[in-house]
Amino acid sequence: MENKAKLYWRKNLQLLAVLLGIWFTVSYGFGILLVDQLDKITFFGFGLGFWFAQQGSQYVFVVLIFIYVFKMNKLDKEFEFDEI
Amino acid sequence: MDIQTWTFVIVGITFALYIGIAVWAKVITTNDFYIAGSNVNPLANGMATAADWMSAASFISMAGLIAFMGYDGSVYLMGWTGGYVLLALLLAPYLRKFGKFTVPDFVGDRYYSSTARMVAVVCAVFISFTYVAGQMRGVGIVFSRFLDIGITEGVVVGMVIVFFYAVIGGMKGITYTQVAQYCVLIFAYLVPAIFISILITGNPVPQLGFGSTVTDGSGMYLLDKLDGLSTQLGFDAYTEGSKSTIDIFFITAALMVGTAGLPHVIVRFFTVPKVKDARISAGYALIFIVLLYSTAPAVAAFAKTNLLGTINNTEYSEVPEWFYNWENTGLLTFNDINRDGRILYSADPEENELEIDPDIMVLANPEIADLPNWVVGLVAAGGLAAALSTAAGLLLVISTSIAHDLLKRTLIPDISDKQELFIARVAAAGTVVVAGYLGIHPPGFVAQTVAFAFGLAAASFFPAIMLGIFYKKMNKEGAIAGMVAGIILTASYIIFFTFIRPDLNNAGNWWMGISPEGIGTVGMIVNFIVALAVSKYTKTPPADIEELVENIRIPRSG
């Protein structure tokens, strides 16, 4: 039981690291730190950096939460930690 | 029908709906009053969270602010949506599993300390009061602009409505009115946005119109045209902005972390039945929020283009009708400095003749786009829905903090459930009155204190809750020291630059170029460092606390 809970928690942390890495990259990376470089690329009528700052990052945030929900529900079942 | 009649009819119908829901949702236990019996459908909770979260500022002011800030306005867009990722991944599911009533409940139990609980109560009450004053003010402003009712009478009407569904229905009443309010506000936001998008770019989807060419025959992209218009008048290019990168970074982070730490948002995740539901309802909430937040920057760009293209350098006698209407409200002022009869808009304050309140960008949109009168009434109802839904959520946090955290859990633990419910209702009623008073007589600092609310939430709650879940060895000494250090640093920086020496409030004097809006991020980092350092040198938490942490990490109970 002890080890099972530990393994479950480790898998959860791994998933969080990946998702939060993407979260940081699209907002702080593409939308803020790299905005001037990315703005040289045109994406429809937008500079790509500006698009990430005002549109794209929000869409990615939504997708990230749904990936998290899907993966965690699966992980819960796998470890039999899902609520009955 | 004229605009006033339409506004009365639409606002009247929505208010009748809210009161009807309140009567239907009458509650008889504290469990229902605080967390709606933990029985709310996750989709409904997502909508309620979105309405709870999107305030008068989001609905009325944000697009206008972005229109004048250009790229710099991205801090609000990323900051106020990205926080939901933190909330969904780091806090909501675990707090649901913990399963009590409030944020101070968690802080107090996890850190086995009534001192920690009290620090949390003070923060929760302060953050919520700061915020609620602005909402009641928003209610008063919408009433006075659209219905010709004084701000005072407007606030009183708002108070009566909130009183009804918050005091009678508690969290249950608030939840279902918020669902209705979300529907009203999103419809009211999208309808004018779609029309103005068609008007300016020919594309009915504002998010796509934002990146399309304009319909004036020039074939230029909207944003290229807007950059050109802005630089011609001496402003920075719209898509570039003027804040430093470090400031943008820190403000965005403070808003994100602050969002995740706001007690009235967190408590919404106590109202769903399961951990699984808490996760998914954060996802639904963000979809509903992004629907408005991805539209806002498009509205900002359309309205700004329209303003610069049609008003600047036009004969005053030839401007469209809406210009005169809004001049009457004082939100637009034209002062013909060079006496040529033309309106000159310029970055140079010496020759600029046009003063514009950012709020006008959303409020006047229906008239600018020449939409039917009922749309104007709809926008008024939407602004009221946004303000009332947020106010109700905040009022509940304050009354719960007083009745539950302060009295039941700390001062008089022997009271029965019935007595506690009665106290909670009285506290809610009292809070409505205080909030109304603050709305009628706003302390001069309401505007600046929004930064305060987010900064404090970021510097206090977020690190304390996150460490409580992710670091088993975090003890009460560490958590309290961290919260206190974070709050003192954040509060003193903001107080110094906004109240003591506002004359020094510029980038040259800021520490590392970080503005008071972004200092909450530094407060959060300091909180983490102090908490971890202090916990290393003090007693580890008792065994039953480590068990509690292990338990909240796993969805299945037992």
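Predicted model: local features only at pLDDT ≥ 70, side-chain atom pairs only at ≥ 80, totals over all residues.
1. B:Ser38 has 18 C-beta neighbours inside 10 Å, so B:Ser38 counts as partly exposed. Buried would take 20 or more, and exposed 12 or fewer. The residue sits in the loop between α2 (30-35) and α3 (42-53) of chain B. Its backbone deserves a look: phi of B:Ser38 is near 50°, a positive value in a residue other than glycine. Most residues other than glycine have a negative phi.

2. Where does B:Arg339 lie? Its place is the loop between β1 (332-334) and β2 (354-356) of chain B. Because B:Arg339 has 6 C-beta neighbours inside 10 Å, B:Arg339 counts as exposed.

3. Next, the domains of chain B. The assignment gives domain 1 (3-29 + 60-303 + 369-552) and domain 2 (304-357). Their centres, taken over C-alpha atoms, are 33 Å apart. In the contact between them, domain 1 of chain B supplies 14 residues and domain 2 of chain B supplies twelve. On the domain 1 side, α10 and α14 (296-311) of chain B are the elements giving two or more residues. That side has eleven nonpolar residues, one polar and two charged.

4. Now the core. The largest nonpolar core holds 221 residues. Which residues have the most contacts inside it? They are B:Leu185, B:Val299 and B:Leu395. Helix α8 (residues 151-201) of chain B gives the most to this core, with 22 residues. Both domains of chain B take part: domain 1 and domain 2 each provide at least three residues.

5. Leave aside residues up to four places away in sequence. B:Val299 then touches B:Ala63, B:Ala193, B:Ile196, B:Pro206, B:Met361, B:Val362 and B:Asn365.

6. Last, the contact between chains. Here 40 residues of chain B meet 36 residues of chain A. On the chain B side, α5 (74-98), α10 (222-232), α11 (245-261) and α13 (275-293) each supply at least two residues. Which helix gives the most to that side? It is α13(B), with ten residues. By class, the chain B side has 22 nonpolar, twelve polar and six charged residues. Note α10 of chain B: this helix supplies residues to the side touching chain A, and α10 also gives residues to the side of domain 1 that touches domain 2.

Methods. Residues numbered from 1 in each chain as written. Chains lettered and ligands numbered in written order. Contact = placed C-beta atoms within 7 Å. Helix = DSSP H or I, 4+ residues; strand = E, 2+ residues; numbered from the N terminus. Nonpolar A, V, L, I, M, F, W, Y, C, P; charged D, E, K, R; others polar. Core = buried A, V, L, I, M, F, W, Y, C linked by C-beta atoms within 7 Å. Domains from an automatic or database assignment.
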